[in-house]
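User: I've got a structure here and would like to talk it through. Could you take my questions one at a time?

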Number of protein chains: 2
Amino acid sequence: MIVKHFQRELDKVKKMILSLGALVEQGVHRIKAAIEERNVVLARDIMRLDHEIDEMEVEIEEECLKIIALHQPVAADLRFLIAVVKINNDLERIGDQVVNIAQRVQQIAKQPVAPYQFDYSVMAEKAETMLRMSLDSLVNQDLDMAIEVLKLDDEVDKLKNEAYDRIKQAMADGATKDIGYMINLLLISRHIERLGDHATNIAEEVIYMIEGEIVRHGKLD
Amino acid sequence: MIVKHFQRELDKVKKMILSLGALVEQGVHRIKAAIEERNVVLARDIMRLDHEIDEMEVEIEEECLKIIALHQPVAADLRFLIAVVKINNDLERIGDQVVNIAQRVQQIAKQPVAPYQFDYSVMAEKAETMLRMSLDSLVNQDLDMAIEVLKLDDEVDKLKNEAYDRIKQAMADGATKDIGYMINLLLISRHIERLGDHATNIAEEVIYMIEGEIVRHGKLD
């Protein structure tokens with residue numbers, strides 16, 4: 001009976017972290033559109049998600065601690081619950097990055113005509129894929145998929161560096177006198193990259209759960 | 001006997017996290033000097049700390065899990081161990097920020113004469129104080145000190161915004177044609193601010209341990 005009860009609690013926490021994941025994914029998906037459309041209204045709507053994300057994060061951590069205290073799990077179950085505490089934290093921070101991007105979008109959208117063309121759609125798409133795959137790898141305990149996330153992270157890093165070079169060049173060429181606009185563009189690419197970093201943290205936790213070996217700090221490459 | 005053994009294990013983990021804290025503090029202290037002196041050699045030396053920090057982080061997490069599995073602590077002891085897992089994570093990420101700053105310092109130091117004067121000493125000093133106070137608040141379970149860290153975080157944020165405005169203005173005024181140099185300056189201030197954010201996370205964990213109430217997500221202000 002107690003084992004059954006424990007399993008039910010584990011399932012509950014699994015459902016909770018996936019609900020949070022779905023909410024954060026929604027935010028990432030919509031921020032991608034907000035960047036592309038320089039959509040102020042959408043950016044503002046997205047920022048409203050953050051409060052809900054914050055509350056869910058607190059609830060999930062409380063739930064994990066309750067289960068550990070009550071059922072005193074060991075080995076894989078304990079590892080899973082600690083991983084959830086950490087993944088929970090990363091999801092909340094992805095939410096923070098989405099808010100940061102939304103604020104930048106509101107800034108750059110102030111200008112009626114974009115003084116410099118940019119395209120972050122590929123980069124944002126990859127970051128969104130990283131998040132989805134990291135969560136799928138968690139649900140299915142899929143090692144290959146988690147490793148795929150780490151590879152995508154390298155691609156996103158590369159795209160961020162390219163964006164940086166392009167913006168620097170455009171600024172040097174005097175593409176626009178609006179330095180603030182250009183800096184906001186630069187920062188959006190950095191926020192997308194950090195969003196990808198948090199998805200990478202999640203994937204690394206999943207790999208650790210499966211392999212029992214720590215791959216943090218780039219030990220896999 | 002088992003209780004005594006458990007207490008010894010807790011003390012051990014406390015010592016480990018403080019050793020890691022001391023190492024990270026050393027990195028922050030030295031990076032402050034590296035920024036001020038635009039010191040490439042120092043920046044390179046500091047980057048060498050990172051590997052050691054990464055290894056300690058992994059060891060500490062393993063230790064916490066071992067203790068939880070073996071001694072099945074509840075209430076305050078469990079909360080403490082989970083807090084250590086999270087604080088551990090933040091310390092390692094502060095180490096990453098130090099590396100990021102070191103890389104930027106190497107970039108800006110390439111120019112024999114600094115084309116634009118900047119001073120991050122106050123900001124870096126405050127971030128270092130935040131880290132030290134967050135660790136002290138952990139050791140002494142000092143609520144007031146932890147709250148002080150949250151206040152300092154607002155100050156660092158303000159300094160970062162001021163640095164941003166100044167750099168933007170200097171760029172608009174054509175203070176230097178070297179856009180890369182200016183962007184590196186901008187990014188250093190952001191890395192210092194993120195460093196402070198991680199110290200804030202640590203302080204929030206300490207407050208939670210003491211108060212049993214979650215103050216994350218700015219609920220304190």
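Predicted model: local features only at pLDDT ≥ 70, side-chain atom pairs only at ≥ 80, totals over all residues.

User: Is B:Thr200 buried or exposed?

Analyst: B:Thr200 sits in helix 6 of chain B. Leaving out residues up to four places away in sequence, B:Thr200 touches B:Met130, B:Val149, B:Leu150 and B:Asp153. Its relative accessible area is 8%, and the cut-off for buried is under 20%, so B:Thr200 counts as buried.

User: Which helix of chain B gives the largest share of the side that touches chain A?

Analyst: The contact takes 40 residues from chain B and 39 residues from chain A. On the chain B side, helix 2 (40-71), helix 3 (75-108), helix 5 (143-172) and helix 6 (179-211) each supply at least two residues. The largest share is 13 residues, and it comes from helix 6.

User: How many charged residues are on the side of chain B that touches chain A?

Analyst: By class, that side has 17 nonpolar and eight polar residues. The charged residues there number 15.

User: And how many salt bridges does the rule find across the interface of chain B and chain A?

Analyst: The two chains bury about 3,700 Å² between them, with 59% of it on carbon and sulfur atoms. For one salt bridge, look at the side chains of B:Arg79 and A:Glu61, at 2.7 Å from N to O. Across the interface, the number of salt bridges found is six.

Key. Residues numbered from 1 in each chain as written. Chains lettered and ligands numbered in written order. Heavy atoms only, no water. Contact = heavy atoms within 4.5 Å. Buried area = accessible area lost by both parts, 1.4 Å probe. Salt bridge = Lys/Arg side-chain N within 4 Å of Asp/Glu carboxyl O. Helix = DSSP H or I, 4+ residues; strand = E, 2+ residues; numbered from the N terminus. Nonpolar A, V, L, I, M, F, W, Y, C, P; charged D, E, K, R; others polar. Buried < 20%, exposed > 50% of the residue type's maximum accessible area, 1.4 Å probe, protein only.
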